[in-house]
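Welcome! Take a moment to turn the model around, and then let us walk through it together, starting with a helix and moving on to the pockets.

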Amino acid sequence: MNIWKHFCTVMKHKILVAGGCFKMGLYWQGITHDLSKFSPVEFWAGCKYYQGDRSPNDAQRKAEGYSASWLHHKGRNKHHLEYWIDYSIDTEKKSGFVLAGMKMPEKYVAEMFADRIAASKIYHKDSYTDATALEYYEKGRAHTLMHEETEALLHKMLTVLAEQGEDVAFKYVKNEILHKK
């Protein structure tokens with residue numbers, strides 16, 4: 001049980017995300033980001049399955065066959081694409097009801113962007129570069145149910161980060177996406 005290490009990892013993550021959110025003018029989201037990680041179902045699973053180089057949810061899923069922590073987390077945090085999965089309203093699908101990603105509000109895509117940067121910094125430590133979050137995203141891109149406009153927006157944000165750096169990327173999201181100056 002790694003209570004202290006898990007707590008420190010969560011706090012470091014929250015601080016990094018808050019810093020990114022503040023740079024984009026998302027102050028309340030920065031302050032309230034991932035508060036559900038302190039709920040018993042998420043916190044104690046994080047302590048029990050702490051690894052330090054990846055999400056404890058993966059270890060819980062492997063050990064128990066599912067991650068109660070992740071199921072709780074994704075249902076309470078609008079910056080996760082999985083929060084926005086619903087039945088498709090496309091009636092032309094032959095198989096009836098089909099799960100699909102719904103379009104996410106831009107402020108939650110921006111928080112997801114900051115979340116991915118923070119997670120990449122924490123899990124990749126010294127090997128982190130501005131391209132790390134984009135590389136990780138592209139590895140799993142084919143397996144997500146994300147609305148095509150949300151996917152394009154997140155990909156653009158991550159590409160700006162990879163090509164022009166963090167300062168430019170946060171300014172781009174703040175000025176060109178959130179506030180459209």
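This is a predicted model: local features need pLDDT of at least 70, side-chain atom pairs count only at pLDDT 80 or more; totals for chains, interfaces and linings use all residues.

Now look back along helix 1 itself. How far apart are its end C-alpha atoms? They are 30 Å apart, and this agrees with what 21 residues at 1.5 Å a residue should span, which is 30 Å.

Next, see which of its residues are tucked away from the surface. His6, Thr9, Val10, His13, Lys14, Val17, Ala18, Gly20 and Cys21 are buried in helix 1. Looking down the axis of helix 1, you will find these buried residues within an arc of 165°, so they line one face of the helix.

**The largest pocket**

Let us turn to the empty space. Rolling a probe the size of a water molecule over the atoms shows where such space is left. The largest pocket holds about 1,200 Å³ of space. Its lining is made of 39 residues, and Ser55, Trp70, Ala119, Tyr123 and Tyr136 are the closest to the pocket's centre.

Several elements give two or more residues to this lining: helix 1 (3–23), helix 3 (40–48), helix 4 (56–64), helix 5 (68–74), helix 6 (106–124) and helix 7 (132–140). Which of them gives the most to the lining of the largest pocket? That is helix 6, with 8 residues. By class, the lining of the largest pocket comprises 12 nonpolar, 15 polar and 12 charged residues.

**The second largest pocket**

The second largest pocket contains about 150 Å³ of space. You can trace its lining through Trp28, Gln29, Thr32, His33, Asp34, Arg76, Asn77, Lys78, His79, Tyr108 and Glu111. Helix 2 (27–32) and helix 6 each supply at least two residues of this lining, and the largest share, 3 residues, comes from helix 2. Sorted by class, the lining of the second largest pocket has 2 nonpolar, 5 polar and 4 charged residues.

Conventions:
Residues are numbered from 1 along each chain as its sequence is written. Side-chain values use heavy atoms; hydrogens and water are left out. On a 1 Å grid over the protein atoms alone, a cavity is a set of points where a 1.4 Å probe fits but cannot get out, and a pocket is an open set with protein on both sides within 12 Å along at least five of seven lines; lining residues have an atom within 4 Å of a point. Grid points are joined across faces, edges and corners, and a volume is the space filled by probe spheres set on the points. Helices (H or I, at least four residues) and strands (E, at least two) are DSSP runs, numbered from the N terminus. Ala, Val, Leu, Ile, Met, Phe, Trp, Tyr, Cys and Pro count as nonpolar, Asp, Glu, Lys and Arg as charged, and the others, Gly among them, as polar. The expected span of a helix is 1.5 Å times one less than its number of residues. Buried means under 20% relative accessible area, exposed over 50%, partly exposed in between (1.4 Å probe, protein chains only). The arc is that of the directions from the helix axis to the C-beta atoms.
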